[in-house]
Amino acid sequence: MSCTFRSTTKREEFHLLHKVQWNDPGALYSLVGKENTPRFPFSIDQEGDIYVTQPLDREEKDEYVFYAVARDEQGKLLSKPLEIQVKVKDINDNPPTCPSPVTVLEVQENEQIGSSIGTLIAHDMDEENTVNSVLEYRIVDQTPKVPRDGLFLVQTYHGTLQLAVQPLHKRDTPQYNLTVEVSNQDFKTLCFVQINVIDINDQIPIFEKSDYGNLTFPEDTAVGSVILTIQATDADEPHTGSSKILYRITQGDSEGRLEIETDPQTNTGYVKLKKPLDFETVAIHNIVVQAENPEPLVPGIQYNASSSATFRLMVTDVNEAPQFFQQVFEATVSEAVAKGTKVGNVTAKDPEGLDVSYSLRGDKRGWLRIDPVTGEIFSAAPLDREAESLYRVQVVATEVGGSFLSSMAQFHLTLTDVNDNSPRLAKEYTGLFFCYPLKAPGSLIFEATDDDQPTFRGRHFTFSLGSESLQKDWEVSKINGTHARLSTKHTGFEERVYNIPIRISDGGRQPMEGTVSLPVTFCKCVENRCFQPAAHMPGIPPVGMAVGILLATFLVIGIILAVVFFRMKRDKGQHNAESAQASEVKPLRN
């Protein structure tokens with residue numbers, strides 16, 4: 001069964017809600033809730049009368065379902081529990097509530113009359129779609145009242161705010177505060193609305209004056225100099241894209257010699273030199289400057305003559321030094337060119353039309369000369385890439401018949417290589433030796449090089465003995481493009497120094513060949529160190545031989561003692577070309 005009961009807002013005496021009754025007397029009644037609720041505002045007496053014992057609030061709970069139970073004195077159910085459904089009927093007991101302490105809306109300048117600004121949405125806790133929850137809106141105050149009161153209206157039943165009588169302008173006031181009364185049948189609430197006026201770019205920049213007159217500057221005025229200060233103003237909101245001003249030169253500066261910088265705080269424009277002035281090119285500049293905003297103008301608004309200004313820049317002549325067409329001139333020739341060969345040329349022009357004379361500076365090797373009239377550069381001596389592969393000199397252009405002003409440019413001459421250097425030993429080999437007597441044929445390794453530029457594949461030398469008569473005692477074999485091995489063919493060599501001629505060829509397009517002498521010493525060794533008797537030491541006369549032998553004996557004893565007390569282990573040989581040389585060829589020590 002179901003029943004309806006009006007919600008109450010204050011505690012009153014118990015209200016009889018319903019009555020249940022068992023056919024036979026003596027039944028005991030109780031109520032059992034169907035759901036677990038924190039509050040159960042019903043009770044039943046033993047007459048079967050059901051009462052509302054606490055105030056009901058539809059906004060808290062709009063429906064209750066419970067059971068009426070009848071039992072005998074032993075607690076046995078007399079029948080199936082009876083389900084009771086109670087629906088709480090709404091009454092107007094809640095005032096309207098505002099969506100927030102202040103509702104903030106925005107509107108652009110120049111919005112049309114009737115344009116929607118936004119909607120104030122208030123709430124009522126009473127039952128929806130009933131008379132209790134119908135809300136009405138009314139503006140009761142506008143602050144400030146400029147340029148007049150009643151600028152806004154609100155739709156009575158929807159809360160939509162609109163412009164009522166005219167567009168807004170931020171320069172009048174940037175913000176309006178409205179007090180809106182929201183009411184239902186029994187309650188009234190005041191809600192507060194803040195409307196911010198958003199600036200739009202509906203004002204153009206206006207110059208303080210349209211003609212800044214005549215300016216006169218010499219053509220040597222320094223780049224970066226400020227030649228004029230200009231000023232325009234904009235009535236849009238300060239420090240926004242609508243009021244910021246950018247100045248642009250629209251006429252009279254086709255070569256881009258001028259630029260205008262804007263002070264972001266004051267919108268003052270500073271006309272500066274970006275490039276040097278040139279009397280000979282343009283003596284008078286008729287400049288037109290346009291003032292614009294970075295933000296686009298709103299439709300219907302256009303820039304006009306108030307946003308432009310003019311000035312005349314007159315350039316005076318100054319005697320200037322000749323000017324090179326470029327600051328670095330470059331040329332490439334072979335190092336083998338003949339003396340007097342043209343290797344390059346430079347060109348300069350005097351702004352006043354005077355003749356130009358050319359000369360060289362920094363030609364420290366005396367390799368070049370220049371034609372003073374044409375600027376052509378010739379070789380004046382043999383060139384050598386190995387001495388200097390990139391040769392740098394300065395070229396001076398001096399005006400003739402004037403004040404002899406001059407300017408300077410660089411001339412860079414790159415020399416390409418030719419094969420003009422004979423191969424040679426990569427280093428001085430002075431300490432090569434074999435221990436005498438030679439117990440088995442041995443060998444040593446040496447390296448060759450030359451001063452020419454190597455090819456991308458590297459150097460490729462060939463090696464041979466410089467005399468056929470040496471072939472019975474010595475042999476030369478190639479290891480790679482730069483290293484070779486000199487080997488003995490027997491062991492019967494005397495205790496002395498052998499100077500072995502080695503022929504080395506580079507295999508170039510015009511092959512270069514050189515013969516070098518490789519000194520090899522056969523000497524007695526102590527602890528793998530070469531030892532020569534005093535008689536073989538240069539500078540010791542025969543009369544001192546006995547003393548020399550005695551000194552040599554003490555030297556041998558010293559070496560042996562040093563080996564016994566200080567040498568703990570011997571170094572092992574390394575497996576590469578240099579280690580091969582170190583293990584097969586011992587340094588010569590006297």
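Q: In which sense do strand β25 and strand β29 pair?
A: Welcome! This is a predicted model, where local features need pLDDT of at least 70, side-chain atom pairs count only at pLDDT 80 or more, and totals for chains, interfaces and linings use all residues. Residues are numbered from 1 along each chain as its sequence is written, and side-chain values use heavy atoms, with hydrogens and water left out. Strands are DSSP runs of E with at least two residues, numbered from the N terminus, and two of them pair if DSSP finds at least two bridges between them. Strand β25 (residues 342–345) and strand β29 (residues 376–379) are joined by three bridges, and their sense is antiparallel.

Q: Which residue in the turn between β28 and β29 has a positive phi?
A: Strand β28 (residues 368–370) is joined to β29 by three bridges and runs antiparallel to it, with I370 opposite I377. The two strands form a hairpin with five residues between them, and the turn residue with a positive phi, about 80°, is G375.

Q: What is the order of the four strands in the open sheet?
A: Strands of a sheet pair through backbone hydrogen bonds, either parallel or antiparallel. Here the pairing is mixed, and the edge strands, each pairing on one side only, are β16 (211–218) and β18 (246–251). The order is β16-β22-β21-β18.

Q: Which residue in β21 is the bridge partner of R248?
A: Five bridges join β18 to strand β21 (residues 284–292), and the two run antiparallel. The partner of R248 in β21 is Q290.

Q: Why is the pair of F40 and F66 called edge-to-face?
A: Rings of Phe, Tyr and Trp (its six-membered ring) pair if their centres lie within 6.5 Å; planes under 30 degrees apart count as stacked, over 60 as edge-to-face and the rest as tilted. The centres of F40 and F66 are 5.5 Å apart, and the pair is edge-to-face because the planes stand at 85°.

Q: Is F66 buried or exposed?
A: Buried means under 20% relative accessible area, exposed over 50%, and partly exposed in between (1.4 Å probe, protein chains only). F40 has 27% and is partly exposed. With a relative accessible area of 0%, F66 is buried.

Q: The charged end of which residue sits over the ring of Y498?
A: Y498 belongs to one aromatic cluster with F434, W474, F493 and F522. A charge sits over a ring if NZ of Lys or CZ of Arg is within 6 Å of the ring centre and within 35 degrees of the ring normal. At 3.8 Å from the centre of the Y498 ring, the residue is R496.
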